[in-house]
Amino acid sequence: MSDLRLATLVPLLITDAPAKAAATLALDGGLPVDVDAVITEPAGIPGRPELPRLVEHVRLKPPSMRTAAGIAALVHAIAHIELNAIDLALDICWRFPGMPEVFYRDWLRIAQEEAKHFTLLREHLLTLGFDYGDFDAHNALWDMAERTRHDLLARIALVPRTLEARGLDASPAVKRKLVGAGDKRAGEILDVILHDEIGHVLAGNRWYRFLCEQRGLDPITTYAELAARHQAPKLRAPFNLEARRAAGFEEAELAALSQP
């Protein structure tokens, strides 16, 4: 395939999760980019395996960390988030024309890092005696992608800057839980993920501000309006302020987190 944006549709449509990750990692980042092409949406986005069974978020109970299955269920939940993150980054590449070339290369890099994360977690699951698909999961991340499919500003504001930034907040506690249960390898993988995810949220902040400036919008008031319009989840403490600062959030944005 001769265009990067078209090429991202190939792994996006793959239904097998490990094959999706492998195909994403195999994408050629040096392909030319037709930034202005309006691509017709094919059927089947995103490609999904038959398992895991997708249920409402509220129906998923926190796993007990006293059993091997409970530890594996938490690792599986993180792997499912990373699989969704692959699709989200690939979807931004093909869906939204008219951005600078570096925008698309940014999101391909992010998709490949998410594929690396999924692969690390899936390989670890196998050592625990389980595989991806062995536990139920939820579809909250992709639900937000559907709500923002017609507006790049909303997509950037509410996926990397909201849902993925929540991962920065949750990471320390999840790591403590897994390491406390004796899973040191999972803790090491979470360190890799946190390092990379700071860069992903940083890219989200950079492109969000680019779009706000382009459209003559105030970033803080615009974010509040988009969050309300698209029913983004309410952000709750504790916040990983160190990671959020590293990811490009400004002090006024961090202060707004604690406001009702």
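Q: By class, which residues make up the lining of the second largest pocket?
A: Start by sorting the lining residues by class. This is a predicted model, and in it the lining of the second largest pocket has 12 nonpolar residues, two polar ones and four charged ones.

Q: How many residues line that second largest pocket, and which lie nearest its centre?
A: The lining holds 18 residues. Nearest the centre you will find Tyr 223, Ala 224, Leu 235, Ala 256 and Leu 257. Helix 9 (219-229) and helix 11 (251-257) are the elements that each give two or more residues to this lining. Helix 9 gives the most, with six residues.

Q: What is the volume of the second largest pocket?
A: Its volume is about 440 Å³.

Q: Now the inside of the protein: which residues touch the most other members of the largest nonpolar core?
A: A nonpolar core is a set of buried residues joined through side-chain atoms within 4.5 Å. Here, the largest core has 67 residues, and Phe 103, Trp 107, Phe 118, Ile 156 and Leu 178 touch the most other members. Helix 4 (residues 68-95) gives the most to this core, with 15 residues. There is also a second, separate core of 10 residues, including Val 201 and Phe 249.

Q: Which residues does Phe 118 touch?
A: Leaving out residues up to four places away in sequence, the contacts of Phe 118 include Ala 17, Pro 18, Leu 83 and Tyr 132.

Q: What span does helix 8 reach, and what follows the helix?
A: To read a helix, compare its span with the expected one. Helix 8 (residues 184-215) reaches 46 Å from its first C-alpha to its last, close to the 46 Å expected for its 32 residues at 1.5 Å a residue. Gly 216 follows helix 8, with a positive phi near 70°.

Terms used:
Residues numbered from 1 in each chain as written. Predicted model: local features only at pLDDT ≥ 70, side-chain atom pairs only at ≥ 80, totals over all residues. Heavy atoms only, no water. Buried < 20%, exposed > 50% of the residue type's maximum accessible area, 1.4 Å probe, protein only. Helix = DSSP H or I, 4+ residues; strand = E, 2+ residues; numbered from the N terminus. Contact = heavy atoms within 4.5 Å. Expected span 1.5 Å × (residues − 1). 1 Å grid on protein atoms, 1.4 Å probe; cavity = no way out; pocket = protein on both sides within 12 Å on 5 of 7 lines; lining within 4 Å. Points joined across faces, edges and corners; volume = space filled by probe spheres on them. Nonpolar A, V, L, I, M, F, W, Y, C, P; charged D, E, K, R; others polar.
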